[in-house]
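Thanks for coming, everyone. Let me put the model on the screen, and then I'll walk through it.

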2 protein chains.
Amino acid sequence: MSSRRDFMQKRGNEGKGVALHPMTIPYSNLLEFTIAIFRRIGCPEKDAQTAAVTLLSADLRGIDSHGVARLIGYVRLHEAGRANPKPGVRIIHETPSTAVVDGDSGLGLVVAPYAMQVAIEKAEKVGTGWVSVQNSNHFGIAGYHALQAAKRDMIGVAMTNASALVAPTFSVERLLGTNPMCFAIPAGEEPAFVADLATTTAANGKLEILQRKSEEAPLGWIQDRDGNPSIDPHALKSGGALLPLGGDRDHGSHKGYSLGAVVDILSAVLSGANYGPWVPPFPAYVPMPTNMPGKGIGHFLGAMRVDAFRPADEFKRHMDNWIRRFRSAKPAPGHDKVLIPGDPEREMEAERLAAGIPLLPSVVEDLKALGAKLGVGFPG
Amino acid sequence: MSSRRDFMQKRGNEGKGVALHPMTIPYSNLLEFTIAIFRRIGCPEKDAQTAAVTLLSADLRGIDSHGVARLIGYVRLHEAGRANPKPGVRIIHETPSTAVVDGDSGLGLVVAPYAMQVAIEKAEKVGTGWVSVQNSNHFGIAGYHALQAAKRDMIGVAMTNASALVAPTFSVERLLGTNPMCFAIPAGEEPAFVADLATTTAANGKLEILQRKSEEAPLGWIQDRDGNPSIDPHALKSGGALLPLGGDRDHGSHKGYSLGAVVDILSAVLSGANYGPWVPPFPAYVPMPTNMPGKGIGHFLGAMRVDAFRPADEFKRHMDNWIRRFRSAKPAPGHDKVLIPGDPEREMEAERLAAGIPLLPSVVEDLKALGAKLGVGFPG
């Protein structure tokens, strides 16, 4: 947030006539607006609520690139006939611990919560549940879905593939999405451990911030169209690619590539969705790939009951011990503490639930225009 | 291998009196020797064979740091009373899709294959099987275990924790091991996809090569005792630490730290093994941690039947398509192809099965001394 405020300050100082500070909207107002938008494009009431809660969990947790700023993108997918507001989401194959869910081209914001519920119900019965999803759309942030399991004393796993922006090690072709994976693990007195990570060096959202600021990117984030390391945050637009976690071979980019590949395969090859370069793009104006081998985009969701391994209270006591030991680790110079995965997002959520969601002026303009078009008043 | 040959060449040229080339031993001879050593320390015949096959899979696949070079280390664990040659390995908790296995202080080389077999049998019945293991020792390479599932048309997962060499992002303390994770995914006409990776920038074995050569390490592999980036490959000995995949915060080290933490938690907090800084060290001369919260080291093994999601032939056809698309991706300048995870190790295995296992003179000396001590003739 500080970097965003710095940025706004900077742009303001440059006399570009934008507000010095982002507008802040109370969460409940933004939620009401978002539900109304989903209702207007034809979602049943329950689905509109699910979609809005799922989408805004990104804003609450500080992952602004995946939140309400994308609402207009989801509406455009609907307008392009690519997002079905009344999908017949259903299980098309299952065993006691697994299922494949067909999302019927629905919003991933609705399909993935359904699939995670299936995983949780299977875990209740046989210890774990694993659901691969085909024929879906973007599901928001992985963390939201994994946390649904963690709330029930289960270890939650959530992954999704996405359209190709990432070049495998040694290639100039974009073949993988930023393909995030999340593991949410419940604790006792401590809050849940939540590792939610794109399998790239840097998430696309961070690059967007540099693009707006026209600042250089660190080496290791992107390469240009010829496969050379690049510091130009706009290199993606001219045929460049994001780099897998690791950045280059010497620093383990083959590991980031491998992890992104695993997400792709579990989400799509296992379910019958599209994979690799054939994953449908989120922006509705980008043409669809040709010769697609599957249906829509894919997700992979899992739930493991902790008491399927050891008594839940024992597990939680040791998780508390784990978390406290790491949190109290001796910090490196210039740092005051070691972070536990999930800490920054949880702190942000508490702050934003209390103080509201800050929105960039450009996002507010988009939302106002969207509201005007669909007959929904914007609360800001 | 070429870097090793270069190294030997270099040392020879420096007049240090070592052989120009490593000695090469046929796999079957090395296997027979290794089985005999495990027999001599009291392993039942079947366990001696399992341990030897598991251990030497590392040499076959080119991960020399984890293979027969460590045989003497396993024997020393036995001598120190830390590796039980006749363990009563057993399931201490289970549900239809999960189990916790107590390794009874046995060799991980024997305990992990047992646990993977449990995972596979559960997957046969209910679609997937997930086994967390306590009270074990080092299990060799993760890839060997995950591949046991892939051979049966299952997706194999294998992880283990290890003693702490890695500092979490923003810390100077070593709290995590190199904690590898492996996913082995079967294909049809193509060989299996095998992503087997330490959750650090560089595996310890790579650092050992630089130590022997007294060459500098790339920035991003290690930090010194004060948490500053270091290029000294010996920095670990003076209180430094390996760095999580990503290397530094700007390049996503918090992601590598998160992944290493997930491996630690699934392997040990879930099973009742030791975690974080309390994981027992592999070298028997290193003192054990105090106030240990669990038993031995921990592993996590999983198997998912692909036909628990979609028909196996369909899945395999799409895996072949995935692999071929990635293998044919346009290479970056200076590279001839994009690698599929598992390709280099499989090619190495074919080469070494045919041509034998190359061993460094120092390893040969160790093995000869070990053989002499235990009354087993070394075949070289």
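At what angle do helix α5 and helix α6 of chain B pack? The angle is about 30°, and the axes are 10 Å apart. For reference, α5(B) covers residues 108-126 and α6(B) covers residues 142-150.

Some ground rules. This is a predicted model, where local features need pLDDT of at least 70, side-chain atom pairs count only at pLDDT 80 or more, and totals for chains, interfaces and linings use all residues. Residues are numbered from 1 along each chain as its sequence is written, while chains are lettered from A and ligands numbered from 1 in the order in which they are written. Helices (H or I, at least four residues) and strands (E, at least two) are DSSP runs, numbered from the N terminus. Axes are lines fitted to C-alpha atoms, for helices over the stretch in contact, and angles run from 0 to 180 degrees between N-to-C directions.

On the α5(B) side, the contact uses B:Ala112, B:Pro113, B:Met116 and B:Ile120. From α6(B) come B:His145, B:Gln148 and B:Ala149. Contact means C-beta atoms, placed from the backbone, within 7 Å. By class, that is 5 nonpolar, 2 polar and no charged residues. Ala, Val, Leu, Ile, Met, Phe, Trp, Tyr, Cys and Pro count as nonpolar, Asp, Glu, Lys and Arg as charged, and the others, Gly among them, as polar.

Next, chain A. Domain 1 is 1-86 + 344-380, and domain 2 is 89-201 + 243-327. Those bounds come from an automatic or database domain assignment. Their centres, taken over C-alpha atoms, are separated by 23 Å. Domain 1 of chain A puts 21 residues into the contact, and domain 2 of chain A puts in 18. On the domain 1 side, α3 (45-60), α4 (71-79) and α10 (343-355) of chain A each supply at least two residues.

Last, the two chains together. Their contact takes 66 residues from chain A and 67 from chain B. On the chain A side, α9(A) gives the most, with 7 residues. The chain A side divides into 37 nonpolar, 22 polar and 7 charged residues.

Key: Contact = placed C-beta atoms within 7 Å.
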